[in-house]
Amino acid sequence: MHGPNAADGLAAHGLDVHGTTLVPPLMRSQLAVPRTATDPGDASPPQDDDGPPPTDLVLAVDIGGTKMEAGIVDDRGRILVRERNATPDSDDPEELFDVLGRIVSGVLDSSPGRPVWCGVGCGGPMESRGATVSPLNIRGWRHFPLRARMAELCGLDVAVDNDAKALALGEGWTGAARGATDYLAMVVSTGVGGGVVLDGRLLDGASGNAGHIGHVVVEPDGRPCVCGGRGCLEAEASGTAIAAFTGRPAAEADGSVRRRCGTMVGRAVASVANLLDLQLAVVAGSVALGFGDDFFEAAQEEITRRCGLAFARPTQIRPGGLGADGPLVGAAAVARHASGLVAGARVGEDGGR
């Protein structure tokens with residue numbers, strides 16, 4: 001869904017390609033589920049006000065199979081400047097990075113101030129916290145030295161993490177999981193990814209790739225997956241998979257396909273809830289948010305059906321609170337945690353990187 005038909009692919013996911021734009025303060029998704037005082041993540045998001053001017057600006061970069069995006073994010077999670085472009089359909093790693101470089105340069109030229117750090121969310125898997133990346137949905141990058149190349153490009157300290165783990169930090173900072181200490185954050189879009197926060201700590205795993213819920217098996221002997229397995233959630237519920245088995249863009253899926261996608265996601269969430277004793281799943285991404293009620297109702301029904309243990313029965317799934325801003329706010333959160341600029345979910349044994 002990129003290359004010559006990239007604009008069509010973006011449109012299929014409810015996205016567009018545009019140049020550098022000055023944007024208003026962070027807007028919340030209208031899909032957000034109302035919360036009660038006892039809900040996880042009950043704390044209210046920051047309100048737009050006439051407070052002090054933005055400080056501690058961060059260059060935030062999101063790299064996915066459909067689009068690349070960069071922005072300047074302030075200390076309250078507001079995106080001040082942003083620019084995006086379709087991800088080239090290319091085997092040439094330098095062509096891919098050249099497009100990213102133009103976006104980043106445009107954003108830096110339009111920034112209201114000098115960023116203090118750079119945070120990057122990128123599809124995985126990756127090695128050594130983004131020292132090299134091999135995104136399954138970007139075939140031109142295999143063991144690409146992203147962190148070093150980004151540092152050379154922008155002249156800043158750079159922190160890189162999986163894009164879905166970045167979303168987990170962002171949703172915990174200013175989104176639908178704000179105030180929660182135990183939750184799963186997911187992206188259901190071109191691919192499917194996840195990040196897990198337990199006891200207030202973002203899980204990394206041995207190689208930094210913890211949270212790959214897209215490769216939890218939900219249909220034994222199901223569709224082949226790009227990872228080499230079969231029946232993975234990504235092979236059954238991603239935008240790419242839906243287009244492959246329906247012959248139409250995910251945005252044109254009918255109600256039965258939307259509900260099946262929700263059921264598959266609910267099945268995976270139930271497995272994680274049973275395994276890790278968490279009761280909140282926050283789901284973003286153009287497929288999940290675009291499918292709306294059909295998706296979320298089917299997902300909750302499947303979670304209720306599969307979570308029979310007393311500690312798992314309260315598990316809820318809700319839309320991400322950051323909407324289309326989630327990837328950039330998440331990337332900014334990666335930088336803020338690496339630099340110690342923000343409190344919230346800890347990263348690593350000592351809370352730093």
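Accessible areas come from the Shrake-Rupley method with a 1.4 Å probe. The structure examined below is a predicted model.

**Exercise 1. The whole protein**

Task: State how much accessible surface the protein has, and what share of it belongs to carbon and sulfur atoms.

Solution:
1. The accessible surface of the protein amounts to about 13,900 Å².
2. Carbon and sulfur atoms hold 51% of this surface.
3. As for the residues, 54% of the 353 in the protein count as buried.
4. The protein contains 9 helices and 14 strands.
5. Of the contacts between residues at least 6 apart in sequence, 67% join residues at least 24 apart.

**Exercise 2. The surroundings of Val107**

Task: Determine whether Val107 is buried or exposed, and which residues it touches beyond four places away in sequence.

Solution:
1. Val107 is located in helix α2, which covers residues 93-110.
2. Buried means under 20% relative accessible area.
3. Val107 counts as buried because its relative accessibility is 0%.
4. Leaving aside residues up to four places away in sequence, Val107 touches Leu59, Ala70, Gly71, Ile72, Val81, Arg82 and Glu83.
5. One of these, Glu83, is 24 residues from Val107 along the chain, yet their C-alpha atoms are separated by 6.4 Å.

**Exercise 3. Helix α6 and its partners**

Task: Identify buried residues of helix α6 and the helices against which the buried residues pack.

Solution:
1. Helix α6 spans residues 239-246, and its residues Gly239, Ala241, Ile242 and Ala243 are buried.
2. The buried residues of α6 pack against α5 (233-237), α7 (255-276) and α8 (286-306).
3. Just after α6 comes Gly247, which adopts a positive phi of about 80°.

Technical notes:
Residues are numbered from 1 along each chain as its sequence is written. This is a predicted model: local features need pLDDT of at least 70, side-chain atom pairs count only at pLDDT 80 or more; totals for chains, interfaces and linings use all residues. Side-chain values use heavy atoms; hydrogens and water are left out. Helices (H or I, at least four residues) and strands (E, at least two) are DSSP runs, numbered from the N terminus. Buried means under 20% relative accessible area, exposed over 50%, partly exposed in between (1.4 Å probe, protein chains only). Contact means heavy atoms within 4.5 Å.
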